[in-house]
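The notes follow the model shown here.

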Amino acid sequence: MALSFIIFHLSFCIAQTASSHYQPGVTAEGAIYFLPKTAINITIQIEKSTYTPGEFCQYAERYLRMKGVSPTPFVSYRITAIRQEAVAIADTTKGFAVRFDAKTSATNVRLSDDGILLAINAEPKKTITTPAFVPAPRPATINPRQYMSEEILAAGSTAKMAELTAQDIYEIRESRNLLVRGQADNMPKDGEQLRLMLSQLDQQDRVMTSLFTGTTVNDTTEYTITVVPDKSINHQILFRFSQKLGLVDQDDLAGTPYYITIEDLKTVPAPESVDPKKKSKQVPGIYVNIPGRLRSSVSDARETLVTAEFPAGQFGNIELLSGALFNKRYTTHLWLHPLSGAVEKLEAELPK
């Protein structure tokens, strides 16, 4: 599930060489690349709980003194976690072309799959990605009837079966208490055997009690919403959530709204206006980002739930690295930050 806020882009397309259209890639003659901008992936982890009443639920209070046991099946949802992660996407308003010639050493241009410039004359640094969510396996279900005695199974009514089952549950609990106190007639020989016996009694107690209390099965699912901000966003609905329905559409009033706020922290001065006469002038060199920063916050009607700051190329400027850095006198190695498009490392290798 993805949601994108697409807003008007301010163009900075100043090409080093003439190009009629920008399709990123590297050829023998040169390369066309994009600089990145920051998108925010908001991941919501939701737990679905499915309750099934037990066979003897109506006798829970009479035989086990348990009040409030529901005889009606139901499904409920709750949000267990919300997290934010910044990812880079190609900013198609910042597309540039560089031509290889005999005077330049910038012949090894490394791009991402979507055409973002990562490095020149160097291996791009590996980015750390969040592992894919893998739900925990469900525990094996156990049929309570396998623990029922012949007398219980032969009982002539549900009420009698419930009564005899409750008696067995109390006997199991008494046996466990005797083992814990060291008063059982046949005490285990060692701690491991004691642990195994207690585990088996606990399982029998839990399975047979579920005939009265019912069972609840939990399933966890993750949903990711992608926000691509090109300007500040103030308290805009990100998603709606219902305890009975889970994640619902933005316009579904059955769900409670959750909001996103994106702040441009204005850490970089606004870009200078470009003279239209100079805009098409061919300027040799490599363009890089001078990224700004953004603050992204997710909240409900009462409080802010998560907030984080990230570098953002779309809230900054661009800068030209002179083509003189890539002449044949030495080999220049350039690494760009994969998220922000800023210079991470610039290294010149002098000839031997």
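I began with β2 and strand β3 (residues 74-99), which pair in the antiparallel sense over 22 bridges; two strands pair if DSSP finds at least two bridges between them, and strands are DSSP runs of E with at least two residues, numbered from the N terminus. Within this pairing I found Leu 35 standing opposite Asp 91 in β3.

I noted that this is a predicted model, in which local features need pLDDT of at least 70 and side-chain atom pairs count only at pLDDT 80 or more, while totals for chains, interfaces and linings use all residues. Residues are numbered from 1 along each chain as its sequence is written, and side-chain values use heavy atoms, with hydrogens and water left out.

I then followed β2 to strand β6 (residues 215-227), to which 13 bridges join it in an antiparallel run, and there Thr 43 has Thr 224 as its bridge partner.

Next I looked up the open sheet, where 5 strands follow the order β8-β7-β9-β10-β11 with antiparallel pairing. Because β8 (246-248) and β11 (304-322) stand at the edges with a single partner strand each, one side of each is left without a neighbour in the sheet. Inside this sheet, strand β7 (residues 233-242) is joined to strand β9 (residues 256-264) by 6 bridges, again antiparallel, and I recorded Ile 233 opposite Ile 262 in β9.

Methods: Helix = DSSP H or I, 4+ residues; strand = E, 2+ residues; numbered from the N terminus.
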